[in-house]
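Thanks for coming. Please look at the sequence and the model on the slide, and I will go through them briefly.

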Amino acid sequence: MYAGQATLNPLTLQLENLNARVMDAECGEPVGGMVVKFYLASGRAVGTAVTNGRGVAVVNSPLSIAPSTVQALLGGGYYADAEGNGTYGGAQGHGSVELGTV
C-alpha cells in the first residue's frame with residue numbers, strides 16, 4: 001500500500017487529496033473495492049473511501065484542522081489503513097501533507 005501527498009488548504013484549514021493505492025503484493029495488480037480509512041498522525045479519523053478499479057482511494061476531509069495543530073500535521077503527515085477482506089490482509093501507508101497555495 002502506498003499513501004501519497006495531500007494538501008492542507010491554507011484558507012479553510014481542510015485536508016485535500018488524501019490518497020492511497022492498494023496493490024496485490026504478489027502480482028502488483030491494483031486491488032479494487034478495498035475500504036481505506038484515513039487518519040492524522042494524532043490518531044484523529046478524517047475520512048473513509050473505497051478503492052476504485054485502479055486500486056486508488058481518495059478523500060477530501062470535511063473537518064477543519066485547528067491552527068495549533070497545523071505544524072504537527074505538516075511534519076507528521078497522515079496514515080491510510082486498508083482493512084483487508086477475505087482475500088487480502090490489512091495494510092497501512094504513510095503520506096505527507098504540504099501547505100497549499102492561495
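Two strands count as paired if DSSP finds at least two bridges between them. Helices (H or I, at least four residues) and strands (E, at least two) are DSSP runs, numbered from the N terminus. This is a predicted model, in which local features need pLDDT of at least 70, side-chain atom pairs count only at pLDDT 80 or more, and totals for chains, interfaces and linings use all residues. Residues are numbered from 1 along each chain as its sequence is written, and side-chain values use heavy atoms, with hydrogens and water left out.

Now a pair of strands. Strand β4, residues 18-21, runs antiparallel to β7, and four bridges join them. Within that pairing, asparagine 19 sits opposite valine 58 of β7.

Which strands make up the open sheet of three? The order is β1-β4-β7, with antiparallel pairing. β1 (2-3) and β7 (56-59) are at the edges with a single partner strand each, so one side of each has no neighbour in the sheet.

Next, the whole chain. The protein has 10 strands and one helix, and from the N terminus the elements run β-β-β-β-β-β-β-α-β-β-β. The radius of gyration, taken over C-alpha atoms, is 14 Å, close to the 13 Å from the globule rule for 102 residues, so the protein is as compact as a globular protein of that length. That rule is 2.2 Å times the number of residues to the power 0.38.

Last, burial. Of the 102 residues, 37% are buried, meaning under 20% relative accessible area with a 1.4 Å probe, protein chains only.

Note on methods
Buried < 20%, exposed > 50% of the residue type's maximum accessible area, 1.4 Å probe, protein only.
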